[in-house]
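Hi,

Here is the structure I said I'd pass on.

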Amino acid sequence: MTPVLEARSICHGYGSRTVLDDVSLCFHQGELVSLLGPNGCGKTTFLKILLGLLSPQSGVVLFQGDLVCRLPRKQYARHVAYVPQGHRTAFPYTVEDVVAMGRLPHAALWMGRSARHEAWIEDALAKLEIAHLRKRAYTEISGGERQLTLIARALAQGADTIIMDEPTSALDYGHQVRLLDQLARLAGDGLTCIKSTHTPEHALWGSDRVVMLSDGRVVADGRPREEISPESLHRLYRVRVRAAHDGQGAVAYVPESCRSR
Amino acid sequence: MKPGRLIPLGLLVGAVSLVSLALGKYNLGLTETASFLVRACLGISGSDPTRQALLDNVLLQIRLPRVLAAMLIGASLSTVGTALQAVFTNPLVSPKTTGMLAGASFGTVLGVLIAEQWVVCQLLALVFGFVAVGLAVAISRMSRNESILMLVLGGIASDALFMALSMTAQYLADPYTKLPVIVHWLMGNLAMVQRTTVLIAAIPIVLGTAFLCLFGHQLNALSMGDDEARALGVPVRFVRLCVLLLSTLLVGLTVLLGGGSMVGWVGLIVPHAARMLIGPNNVALLPASAFIGASYLIVMDDISRLTFSFELPIGVITSLVGIPFFIFVLKNARKGWA
């Protein structure tokens with residue numbers, strides 16, 4: 001099976017600093033992949049290169065076997081969507097306006113909103129259960145709702161692959177869990193999700209695969225249950241943790257330094 | 001967005017223009033003005049030839065060019081302001097902060113200084129508008145990361161440079177013959193506007209403004225940031241270049257119509273007022289800005305020519321009336337920009 005997205009020996013750096021050193025990874029359809037690694041290990045740079053927003057110094061990205069740098073941007077946008085962190089925008093667009101932006105790759109330079117576009121927008125709002133927010137200002141809803149809006153935009157884009165940069169980093173605990181549930185559901189429907197995260201448990205819960213990056217290199221790549229361990233987390237983050245099992249198969253990692261008192 | 005929301009604003013421009021044509025030292029009734037305009041459009045002459053000649057002179061020769069000029073300047077500066085705010089993802093940007101207004105103004109001042117013909121001033125206004133924006137872009141390119149913020153800073157630097165050059169030109173100008181012309185003109189002056197100039201400038205202004213309005217969807221995406229817009233398939237650099245070039249052209253044209261640098265305020269407050277009224281979606285916001293800006297500047301010009309026995313420059317009125325209007329809009333802003 002040909003991978004949906006493939007990065008081949010990507011090297012990149014800023015100035016004299018090397019950020020990515022010969023990174024090769026394949027992503028397959030319906031996979032939910034978590035990228036794990038310390039700050040500055042090159043996660044964001046790698047995601048931007050996958051999206052074609054940055055050209056790597058060497059190496060190539062292939063989408064279904066085609067060179068991404070040769071694909072028209074609009075065509076690539078119909079397949080691969082970017083979900084940034086739930087930022088605040090300068091202007092108070094409504095949730096519906098933001099989701100409607102997802103239709104841009106499918107329209108002529110000056111599109112009118114036709115019934116076909118409306119159907120996609122409705123569908124995306126319904127899938128993420130945010131239809132009741134449609135008229136609310138994007139600047140006024142919570143961080144979790146903003147993140148859901150951006151994922152809805154990616155769905156309205158008609159994308160089969162979505163790339164997310166730390167989707168849970170600005171969310172409260174409840175929103176984090178609900179977002180992870182949504183992602184698992186979307187991946188179950190055949191969507192390929194590639195996300196970076198700072199929480200090892202987020203890679204364990206729901207992800208099919210974890211990729212660990214350290215100093216611009218892939219240090220581990222495989223099933224989260226096999227790759228995530230006190231040893232690998234220590235190698236990655238320089239902290240000692242121990243695994244806490246709940247007896248029903250779920251695992252969490254607790255730092256040794258902060259035992260509950 | 002339903003296009004129906006723009007119809008009341010279009011009607012507003014029509015109503016304001018009609019009332020403004022009827023208003024003046026020589027008072028004409030609304031019905032007489034309206035029926036004369038209808039007859040003039042249809043090419044039917046009135047019953048009384050002397051009255052006809054009078055109406056023709058007052059309405060078509062004297063008032064219509066002014067009203068049209070105010071309409072065109074207001075509409076184009078407001079649309080440019082809205083588009084630039086989206087391109088720079090910053091609600092504080094206006095035609096002024098990109099240097100284009102100062103550049104065009106300096107061009108005209110230089111024209112007054114070195115030549116007698118008004119055509120030279122007009123050409124120089126256009127040329128220096130583009131030079132100023134080019135400088136802003138050049139400054140932004142000098143920084144290692146080519147960000148939007150750098151472009152705003154480049155624009156501010158370019159604005160400061162051309163303001164300083166205008167000052168120098170004023171300092172050097174003959175204080176009896178040329179300085180009064182320059183100062184009067186910088187404040188904005190529609191009294192000297194000529195019918196032929198208005199009619200010639202109207203074509204590119206209307207086309208340019210309409211063209212800018214077509215970028216609504218792209219500008220929505222662009223205002224979310226470059227990376228997101230690119231990931232949505234928008235050719236970011238191309239759209240930004242188109243908007244910058246069109247804006248510079250439009251601002252240059254308003255300056256040569258007699259806009260003057262102080263009228264630039266319109267390009268900051270009208271976009272905000274329009275956003276309050278119909279929301280931030282650029283698809284509707286761009287044409288709405290054009291309509292509201294047109295109405296606003298026509299009313300400002302009415303105030304400037306009717307309130308006092310002498311004519312107060314329109315730039316002064318725009319700022320004086322604009323500030324309380326701006327405060328009113330800000331107070332009533334329910335949706336934050338932050």
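Predicted model: local features only at pLDDT ≥ 70, side-chain atom pairs only at ≥ 80, totals over all residues.

You'll find B:Gly188 in the loop that links helix 7 (179-186) and helix 8 (195-213) of chain B. B:Val255 is 67 residues away from B:Gly188 in sequence, yet their C-alpha atoms are 8.5 Å apart in space.

Next, the place where the chains meet. On chain B, 24 residues are in contact with 24 residues of chain A. Helix 9 (216-222) and helix 10 (226-231) of chain B each supply at least two residues of the side that touches chain A. Helix 10 of chain B gives the most to that side, with four residues. By residue type, the side of chain B touching chain A has 11 nonpolar, nine polar and four charged residues.

Then there's the nonpolar core. The largest one has 171 residues, and those with the most contacts inside it are A:Leu50, A:Ala152, A:Ile162, A:Ile163, A:Cys193 and B:Ala83. Helix 3 (residues 49-87) of chain B provides the largest share of this core, 16 residues.

Setting aside neighbours within four places in sequence, A:Ile162 is in contact with A:Ala81, A:Val83, A:Ile151, A:Ala154, A:Leu191 and A:Cys193.

Cheers

Notes
Residues numbered from 1 in each chain as written. Chains lettered and ligands numbered in written order. Contact = placed C-beta atoms within 7 Å. Nonpolar A, V, L, I, M, F, W, Y, C, P; charged D, E, K, R; others polar. Core = buried A, V, L, I, M, F, W, Y, C linked by C-beta atoms within 7 Å. Buried ≥ 20, exposed ≤ 12 C-beta atoms within 10 Å, placed from the backbone.
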